[in-house]
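Please walk through the model below with the sequence alongside.

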Amino acid sequence: MQAFFTWLRAEHPIARVEAEGYRPFWVVTRHADIREIERQPAIFNAGPRNTLLPIAAEEANMALFGVEAGFETLVVLDGERHYELRQMTQDYFLPKNVRRLEGMVDNLAAAFVDRLMATGGRCDIAADIVFWYPLRVAMTVLGIDEANEARMLKLTHELFGASDPAVRRPGMSLVEHSIAVKRDYIAFFDEITQDRRANPRDDVSTIIARGLPNEHDLSPEERLGYYVIVATAGHDTTAASIAAGIQALIDQPDFIAALREDPALVKSFANEAIRFCAPVKHFFRNVTAEYTLGDVTFRPGDHIMLHYGAATRDEAVFPDAQTFRIDRTPNNHLAFGYGPHQCLGQFLAKMEIEAFFRALVRRVDRIEADGAPAYTQATFVTGLRGLPVRCSFASVA
Ligand code: HEM
């Protein structure tokens, strides 16, 4: 796939895509072009078309829920309304406040590495260990207890993996599946809203349940979308990045000793794992005014796919872009997007990934592949979903 993106960046950096069953769009693969677009949110709106969905799913979403994307999350809102809603939780996710969560995150990272040790080192490290750790962090941020975790993880996989036959609910079409998943989310978060209004806590669910004063308050769709983005945006993405980091430790075994000897490297390693994996492959932008970029003129009504997965490997920005470099600096990748929608959880995500690898290299000497890795088949959020490994542990913890 990356060879194809390299060719696209060189030959057709802004390419027209017309595929059966989908509305046409442009795909942008160069780092500089994506930044230019994201810098101008008034011309390039985030909504209503926000990710790649088949026309049938978009039409069903509109008919059933009145929202083309299926959920009215922060990422589809624009202008003042986006600003107002983002402000609600912006403070919570600032680095100085995220630091309050550091002890909790470090303890969880150590506990999940303990879980790896308890397997004897032979397991599917993605499915058995890695997916559960960022999920626990995201659930702690929302104040959702462990008993509901498996249900949440299944819903996230069903949401992002709807096009993957291995994930789709048995006997359901894509549309039926998407509707069933949304109904389950509604039922779950309605209960949370009732609870937090009655019993406020120091968690993001309470901020969302409380909402905004008077006519600024969130509509039911906006409230649901807010819960869903915090519940989903954070864990599959972070887990996929950690799994990519583990794959790098398998491919380049010397990295483990290097990370152990120089803990400062953990930061650049974690950021490189995010660049290399770029779990959010794309978001769309919707053109509101004529604009020329390179030799293409976009017209109002055009749709643009910003391909972060391609831009994070742009050779014009990243020397030796297809290689995982443990010490890559600078590393201004676009895996977290750019501009007013840039990932709200990026500091938390980095903290989680760094904590995991600090804990891992304290205990593990070597990780080897023990079977073929498996990837989620999807166009939006993807990454390793299965990574069978054999680990050798360090004799001194
Ligand atoms: C490695 C992990 C992660 C990656 C790669 C990632 C990536 C992204 C991307 C690409 C966007 C859209 C940016 C744009 O449109 O320019 C985004 C938005 C967002 N992310 Fe993340 N994310 C990650 C982790 C998290 C975590 C841990 C949380 C919170 C718990 C989170 C919460 C959000 C939210 C709320 C938004 C919407 C922001 C807005 O539209 O204003 N993300 N993320």
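A residue is called buried when its relative accessible area is under 20%, exposed when it is over 50%, and partly exposed in between, as computed with a 1.4 Å probe on protein chains only. The model is predicted, so that local features are given only at pLDDT of at least 70 and side-chain atom pairs count only at pLDDT 80 or more, while totals for chains, interfaces and linings use all residues. Residues are numbered from 1 along each chain as its sequence is written, and side-chain values use heavy atoms, with hydrogens and water left out.

Helices (H or I, at least four residues) and strands (E, at least two) are DSSP runs, numbered from the N terminus. Ala278, found in the loop between α15 and β5 (282-287), has a phi near 40°, a positive value in a residue other than glycine; at 1% relative accessibility, Ala278 counts as buried. Asn214 also has a positive phi, near 50°, and lies in the loop between α11 (204-210) and α12 (220-233), but Asn214 is exposed, with a relative accessible area of 66%. Two cis peptide bonds can be located as well: one joins Gly47 and Pro48, with omega of about 5°, and another joins Thr329 and Pro330, with omega of about -5°. Pro48 belongs to the loop between β3 (44-45) and α3 (55-65), whereas Pro330 is found in the loop between α16 and α17.

The interior comes next. In soluble globular proteins, nonpolar side chains tend to be buried together. A nonpolar core is here a set of buried Ala, Val, Leu, Ile, Met, Phe, Trp, Tyr and Cys residues joined through side-chain atoms within 4.5 Å. The largest such core has 110 residues, and those with the most contacts inside it are Tyr133, Phe189, Ile246, Phe298, Phe356, Phe357 and Ile367. Helix α17 (residues 346-363) gives the largest share of this core, 10 residues. Contact means heavy atoms within 4.5 Å, and, leaving aside neighbours within four places in sequence, Phe356 is in contact with Ala109, Phe112, Val113, Ile129, Val130, Tyr133, Ile242 and Ile246. A second, separate core of nine residues includes Phe5, Phe25, Phe284 and Met305.

Among the buried residues of α8 are Tyr133, Pro134, Leu135 and Arg136. Just after α8, Gly143 takes a positive phi of about 75°.

Asn271 lies in helix α15 and is buried, with a relative accessible area of 14%; leaving aside neighbours within four places in sequence, Asn271 is in contact with Asn331, His333 and Lys350. Gln247, placed in helix α13, is buried with a relative accessible area of 17%, and, not counting residues up to four places away in sequence, Gln247 touches Pro373, Leu384 and Leu387.

Grid points are joined across faces, edges and corners, and a volume is the space filled by probe spheres set on the points. The second largest pocket has a volume of about 760 Å³. Of the 34 residues that line this pocket, the closest to its centre are Met1, Gln2, Cys277, Lys281 and Thr382. Helix α13 gives the largest share of the lining, five residues. The largest cavity has a volume of about 30 Å³ and is lined by Pro48, Arg49, Asn50, Thr51, Leu53, Glu58, Glu68 and Ala69.

Donors are N, O and S atoms within 2.8 Å of the metal (3.2 Å for Na, K and Ca), and water is not among the atoms, so sites may look incomplete. The only protein donor of the iron atom of the ligand is Cys343 (SG), at 2.3 Å, and Cys343 is found in the loop between α16 (308-311) and α17.

Technical notes
1 Å grid on protein atoms, 1.4 Å probe; cavity = no way out; pocket = protein on both sides within 12 Å on 5 of 7 lines; lining within 4 Å.
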